[in-house]
Amino acid sequence: MNKRSRFLILLGVLAICFAFLWPSISWYWGTPKEVQALALGSLENIKDYATVQASSDVLEVKALAKSDSSAKLDAKFAWVEKDAAKKYKKMGMKVPAAMTVKDVLNAYSNEQEFLSVFSDKYRDEILKAKKRYQNSVKLGLDLSGGMNIIVKADLDAAIASQKESGEPFIEEEFKKNAMAQAIETLTGRIDKFGLTEPVIRQQGEDRIYIEMPGAAEADAINTIIMGKGILNFRLVDNDATEKFNQYYMQNAASTFNALGELIDPSIIPADCEVMGQYTKDDYGLDERIGYLVVKKEIALDGQHIKSATVGSDNLTNRPEVDFVLDTDGAVIFGEFTGAHKGEFLAIVSDNKVKSYARINDAITGGRVAITGFGLEEAQNLQKVLQTAWLNVPLSVESQQVIGASLGEEAINQGVKAIAIGLLAILVFMLVFYKGAGINAVVAQVLNLYIMFSILSAFNLTLSLPSIAGMILTIGMAVDANVIIFERIKEELVLGKSRVSAISAGFDNAFWAIMDSNITTFIAAIFLSQLGTGSIQGFAVTLAIGVISSVFTALFVSRLIFDFDTDVFKASKVSIGWRV
């Protein structure tokens, strides 16, 4: 391969690495701390933030319109004027030359539409930051601070409870389902708390490992983990729901306060409350799609549900969820549905309406089928119902809190260790190998650059063991340069020219370098596959470092030597004090 091709390949590699590294640069150095905090929250928290901020802006614009409708908007709302101009053009109307606040408001059909423009802007800003984070290098628990917890599931108690119900079951399958549902329940609760990318996985047969980076209050987390899923059935007030939605459409910015509470409770009956109606979004998280007004009185508590399965209607073949009630639940549900034929019944979980259906007839016998949704919705509803009946007692077995200050200290120490180690090695190479040491310096800098780029490309997590792997890689990467330089020195001692000595030095050093790095790479791969946690992080970083160090030593260093020969017309090699 000629030198021009190798140079173009190097430029291509550097450009690709920069593209991989850019999300990390944008996140850690280009995203304000307050935006980072919002982006690390759940989608529901982001949506609530966007709604509150949008409501504040809309109220400000309305107040300005009320005081002086011919006034111009503040400069911070210039983007709204552009959006309003697009609306005028879309409607085939002339865009006002000097747009006033009244002109801006007239571009939108109602307040809800105007509010959604602001809400979308805030949401998109945070979601873009969230995407940058997802594509960047993550900081592990030991660097960012947070908490790790081991929760024990009492499967024996769950099995005993199931036996008392009299329902037949296979014990092994029951344990598997019980653990799966316990993990899913914890995932939903912890995500609702707004934590950063929690790690929740089964450990052994009856334990759940939870790792939550970021600041979190231990008492609040324990409450979430130990709490049981609140599931119940409520009657929907259709008239109140219709009136509320009409009111909300015209007063979207002043309906709820920052905590999501009604500013004016008198807009709904005293025996009712407003709840969000949710469905699963593309991320598998709850997404609010509207509001329902439901009765405060609980028609049936979820503790009466014994089992839930997904089936299909015999006539229409549409998905349906079938659940079985215990004896008391069957009586309560039969009497209630008989008294409320033609009305709608909502299924509420954690104060969210997950589904609602029309009561066509009295439902007796303790077996209930709910239809009116697709297969995915039916499966989601089944999981909600199973949370109520698949009761697995959970207890916190161990808990470790790592403060953010410790994480910051660990980062500073790790960066300092890398910097000092790198500087010491580079000084040694420059002093001992003189001009050729510059090649080693450039190779080491590019080595770290490529390593971080690969970590960012695969969205890997950076932890203290990972930093240790990097430090080890720096030392190992120099070995390749030392082998090459010593081979070149041997060739120069034999009286060979610069070109011949460099070529022979690289050729003779190739297999020695490859053998040592291949064996290290194999060991790193086995560690990454068989190890867990910190061992795996160390192994992955080491494997990446091996690949990048071989590339920089054999490819980049050779290119620098050739560049000096061809461009600077060097005829001698500055590679040692006695050569």
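Asp-271 forms a salt bridge with Lys-295, and their closest N and O atoms are 3.1 Å apart. A salt bridge here is a side-chain nitrogen of Lys or Arg within 4 Å of a carboxyl oxygen of Asp or Glu. The pair links distant parts of the chain, 24 residues apart: Asp-271 is in the loop between helix 11 and strand 6 (272-280), and Lys-295 is in strand 7. Helices (H or I, at least four residues) and strands (E, at least two) are DSSP runs, numbered from the N terminus.

This is a predicted model, in which local features need pLDDT of at least 70 and side-chain atom pairs count only at pLDDT 80 or more, while totals for chains, interfaces and linings use all residues. Residues are numbered from 1 along each chain as its sequence is written, and side-chain values use heavy atoms, with hydrogens and water left out.

Lys-295 also meets the side chain of Asp-237 in a salt bridge (3.6 Å, N to O). This pair is 58 residues apart, with Asp-237 in the loop between strand 5 (231-236) and helix 11 (238-250), and Lys-295 in strand 7 (residues 286-301). Asp-237 counts as buried because its relative accessibility is 15%; buried means under 20% relative accessible area, exposed over 50%, and partly exposed in between (1.4 Å probe, protein chains only). Lys-295, at 23%, is partly exposed, and so is Asp-271, at 41%.

Another salt bridge joins the side chains of Asp-206 and Lys-152 (3.5 Å, N to O). Asp-206 lies in the loop between strand 3 (199-203) and strand 4 (207-213), and Lys-152 lies in strand 2 (residues 146-153), 54 residues apart. Asp-206 is buried at 16% relative accessibility, whereas Lys-152 is partly exposed at 27%. Both belong to a network of salt bridges that also includes Arg-207 and Glu-397. The salt bridges come to 21 by this rule.

The axes of helix 1 (residues 3-30) and helix 15 (residues 436-457) come within 8 Å and cross at roughly 55 degrees. Axes are lines fitted to C-alpha atoms, for helices over the stretch in contact, and angles run from 0 to 180 degrees between N-to-C directions. Helix 1 is therefore oblique to helix 15, since angles under 35 degrees count as roughly parallel, over 145 as roughly antiparallel, 65 to 115 as roughly perpendicular and the rest as oblique.

Elsewhere, Asp-507 lies in helix 17 (residues 498-530) and counts as exposed at 51% relative accessibility.
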